Amino acid sequence: MSPQESAAAPEAPVAEDPIKVQNARVLALLHKLFGEATFTDVEGPYGLLTVTTTRERIHDIIAGLQQDQEIKFHFLTTMCGINYPENEGQELGMIYHLHSLTQNIRLRIKIFFPITDPVVPTLTDLYATANWMEREAYDFFGVIFTGHPNLIRILNVEDMDYHPMRREYPLEDGTREDKTDLFFGR
């Protein structure tokens, strides 16, 4: 084929990434159901659609996604607390991973809130699995889930007066005598 013929030949269509198409479809549905202004920081790391919203809207959003007949997010895969002490006013957060088993679609939703007001609505009325995950977030991060049926520590001792994943305690016990600086590079 001559250079003129190859230049005139139509290019083969490039197949779109199916994950990007799927994420665009889910994002369009989110915007349709809850409004575009509801979600910020929309990204897709490793093909996983990730959106950020507010704690005031999280229960309604997840309930709507669970009840939606098109997408059917019936499985709460993971819910965990996060702590960014350097983000003033948004030190604590929760991450929710939803999965539609029928559509094989995953969605990550994040919320952030101040460490001085760690209150989030419970999802135990939507997903039974939220019970233990919320207790874990309470135990390690001090997130209080309003409406939770039994919000008590699940892994740490009950008389513990701090939440270890908040990084609010010294990393080492300064009174220990069994450690020498020689072995720890100090």
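I take a charge to sit over a ring if NZ of Lys or CZ of Arg is within 6 Å of the ring centre and within 35 degrees of the ring normal. With that criterion I looked at Trp132 in this predicted model, and I found Arg135 over the face of Trp132, at 5.9 Å from the ring centre.

Next I looked up the sheet, which is open and has five strands in the order E1-E2-E5-E4-E3, with mixed pairing. I noted that E1 (40-43) and E3 (75-83) stand at the edges with a single partner strand each, so one side of each is left without a neighbour in the sheet. The twist from one strand to the next averages 15 degrees.

I then followed E1 to its pairing with E2 (residues 49-53), which is antiparallel and runs over two bridges, and I saw that Thr40 stands opposite Thr52 in E2.

For the helices, I recorded that H2 (residues 18-34) lies across E1, E2 and E5 (105-113), at about 25 degrees to E2. Helix H4 (residues 130-141) also packs on the sheet, where it touches E3 and E4 (92-100), and its direction makes about 5 degrees with that of E3.

My search of the whole structure for aromatic pairs returned two. Phe34 and Phe39 form an edge-to-face pair, 6.3 Å centre to centre with 75 degrees between the planes, and I noted both Phe34 and Phe39 as buried. Tyr84 and Phe112 form a tilted pair, 6.3 Å centre to centre with 45 degrees between the planes. Tyr84 lies in the loop between E3 and E4 and Phe112 in E5, so this pair ties together parts that are 28 residues apart in sequence.

Notes
Residues are numbered from 1 along each chain as its sequence is written. This is a predicted model: local features need pLDDT of at least 70, side-chain atom pairs count only at pLDDT 80 or more; totals for chains, interfaces and linings use all residues. Side-chain values use heavy atoms; hydrogens and water are left out. Two strands pair if DSSP finds at least two bridges between them. Helices (H or I, at least four residues) and strands (E, at least two) are DSSP runs, numbered from the N terminus. Axes are lines fitted to C-alpha atoms, for helices over the stretch in contact, and angles run from 0 to 180 degrees between N-to-C directions. Contact means heavy atoms within 4.5 Å. Rings of Phe, Tyr and Trp (its six-membered ring) pair if their centres lie within 6.5 Å; planes under 30 degrees apart count as stacked, over 60 as edge-to-face and the rest as tilted. Buried means under 20% relative accessible area, exposed over 50%, partly exposed in between (1.4 Å probe, protein chains only).
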